[in-house]
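The sequence and structure come first.

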Amino acid sequence: MTSRQRTADSNSLSPRRRTVVKAAAATAVLAAPLAAAWPAGAAEAPAFLHGVASGDPLPDGILLWTRVTPTEEATPGSGLGPDVEVAWTVAKDKAFTTVVAKGSVTATAASDHTVKADVRGLAPATDYWFRFSAGGTDSPAARTRTAPAADAAVTNLRFGVVSCANWEAGWFSSYRHLAARGDLDAWLHLGDYIYEYGTGEYGTRDTVVRQHAPTHEILTLADYRIRHGKYKTDPDLQALHAVAPVVAIWDDHEFANDAWSGGAENHTEGTEGAWSARQAAAKQAYFEWMPVRTATAGTTYRRLRFGKLADLSLLDLRSFRSQQVGVGSGSVDDPNRTITGRAQLDWLKAGLKSSDATWRLVGNSVMISPFAIGSLTADLLRPLAELLGLPKEGLGLNPDQWDGYTDDRRELLAHLRSNAIRNTVFLTGDIHMAWANDVPVDAGTYPLSASAATEFVVTSVSSDNLDDILKVPEGTVTALAAPVIQLANRHVHWVDTDRHGYGVLDITAERAQMDYYVLSDKTKQNATSTWARSYRTRTGTQKVERTYSPV
């Protein structure tokens, strides 16, 4: 997310003044709560303190994940603990009476005692149960689901959709409510699964709801492992991982704010080490701690298929991008600047053209729809600029989004139009607001010009949005800003600048519909969830329309 706010105390300091705490001290911070969670009388037995997960479903397989703690001192990032053999079992039922696959893998300190099993030979479109075992201890049992066969005539798919979960800003109630549904084929995490900041440095409405670990900004491999480990102790996150497979991509905060191929806004070369080392550490920890396959080494761009109903192309918009304008040189229209990199853009275009699926979904970490700020008043422009990371005197675009890389966007949208590629739906996070957009070929003349695709943007799980920055009641900013935003952006059908929650994407051959849900209070562990709005795009239209009830 491109929000650059810090607390009042940290605003009095230069953003470049940071204290680097040794990993050993950070490990000690995490060791205390994990020791408290250690099973009584099990000091010498392995424990599964970080839950289990599955991801990247295929028609014949699924990727299983867990982290085993072999001894009490073997906390995430510690580098301590012996090798331990971890068995995995997949069954057709929760009681594990009908086992269909089993095997084992070794957990070592070299992989932070995380393990993955890429299980194949399963039946398509089928629910399975799985668990891990080590040293006589079983992990919790969890449900997963394979994808439909590639040539299957699928009538319906349903995905949970989330992004931007700041541990310190609130509880992860969105995950709990998605887990309770019990009807998801999978769930999509569109980036900012973790945040890199130190305690109190980022988006908490001046109140740290719960402190993360380590308490300093994460820089090293041990730091990133500790932060991932802390997130994986959240019971709501564990619950969602235990009921459906995740399909995840990263955005910037899995690395550092406004990351690009050669650096980040929130990285000081030298003082905070080399960017190349920090980026490598962040990627290593991510692939250790997430049930994600790498189609291309070191990236998250890959493609999954869900029968003839949908292809899902997943993007990596951080590893290959040029530096954002405003901090580097150049123009947003410079054809030498890129958000995707040449190879990834060619891969995306080829996949969209060759797909024979009804729907072409694109997991997209930053908004592709054009966004002009328009004539917002100063009291609204300044917090919006802060949220988007823009100069507070005003700028009609967000250079961290596709708006900052217009040549790539023009090429992609022209490709969709010239090849008559229908039913492309971008699924987006990052911006901490909910949007329903047409994606116009020419925003300046829309709606007279064509729409090449549609876009559903989900709000944040917990990360601050405009009402949090302004510290006003929820809904206040949306009531004032949304009409102005829509007047300046005719392709925007809806924007909610204030609330937190998640989306549920339901797909049939006739339409793709996003149901938007919001939380009662992100700072309350028992926050309730209510339906807010729904938008859909009908097949062949490339346009969004409102519908008045959730699926």
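The lining of the second largest cavity divides into three nonpolar, three polar and one charged residue. The residues concerned are Asn 166, Glu 168, Tyr 195, Tyr 197, Gly 198, Tyr 202 and His 212. The model is a predicted one, and two cavities of 30 Å³ or more are counted in it. For the largest cavity, the lining is made up of Pro 57, Ala 125, Arg 145, Thr 146, Ala 147, Pro 148, Leu 157, Asp 185 and Phe 306. The table sets out the two cavities.

| Cavity | Volume | Lining by class |
|---|---|---|
| Largest cavity | about 40 Å³ | six nonpolar, one polar and two charged residues |
| Second largest cavity | about 40 Å³ | three nonpolar, three polar and one charged residue |

The nonpolar cores come next. The largest nonpolar core holds 40 residues, and Tyr 175 and Trp 187 have the most contacts inside it. At least two residues of this core are supplied by each of helix H3 (173–181), helix H4 (221–231), helix H5 (235–241), strand E11 (246–248), helix H6 (275–289) and strand E19 (501–507). H6 gives the largest share of this core, with six residues.

Which residues does Tyr 175 contact, leaving aside its neighbours within four places in sequence? They are Val 162, Ala 165, Trp 187, His 189, Asp 236, Leu 237, Leu 240 and Val 461. Tyr 175 is itself among the buried residues of H3, together with Ser 173, Ser 174, His 177, Leu 178 and Ala 179. The buried residues of H3 pack against strand E9 (157–162), strand E10 (186–189), H5, E19, strand E20 (511–519) and strand E21 (529–538). Just after H3, Gly 182 has a positive phi of about 75°.

H4 is mostly covered, with ten of its eleven residues buried. Its buried residues include the charged residues Asp 223, Arg 225, Arg 227 and Lys 230. Also buried in H4 are Ala 222, Tyr 224, Ile 226, His 228, Gly 229 and Tyr 231.

Another buried position lies in a strand. Val 119 is located in strand E5 (residues 114–119). Val 119 counts as buried because its relative accessibility is 2%, and the cut-off for buried is under 20%. Not counting residues up to four places away in sequence, Val 119 touches Asp 60, Gly 61, Ile 62, Leu 64, Trp 88, Val 90 and Ala 101. Ala 101 is 18 residues from Val 119 along the chain, and their C-alpha atoms are separated by 7.7 Å.

Totals for the protein complete the account. Its secondary structure comes to eleven helices and 22 strands. Of the 551 residues, 61% count as buried. Among contacts with a separation of 6 or more, 72% join residues 24 or more positions apart. The protein exposes about 18700 Å², and 53% of this area is supplied by carbon and sulfur atoms.

How values were computed: Residues are numbered from 1 along each chain as its sequence is written. This is a predicted model: local features need pLDDT of at least 70, side-chain atom pairs count only at pLDDT 80 or more; totals for chains, interfaces and linings use all residues. Side-chain values use heavy atoms; hydrogens and water are left out. On a 1 Å grid over the protein atoms alone, a cavity is a set of points where a 1.4 Å probe fits but cannot get out, and a pocket is an open set with protein on both sides within 12 Å along at least five of seven lines; lining residues have an atom within 4 Å of a point. Grid points are joined across faces, edges and corners, and a volume is the space filled by probe spheres set on the points. A nonpolar core is a set of buried Ala, Val, Leu, Ile, Met, Phe, Trp, Tyr and Cys residues joined through side-chain atoms within 4.5 Å. Buried means under 20% relative accessible area, exposed over 50%, partly exposed in between (1.4 Å probe, protein chains only). Helices (H or I, at least four residues) and strands (E, at least two) are DSSP runs, numbered from the N terminus. Contact means heavy atoms within 4.5 Å. Accessible areas come from the Shrake-Rupley method with a 1.4 Å probe; for residues, only the protein chains shown count as cover.
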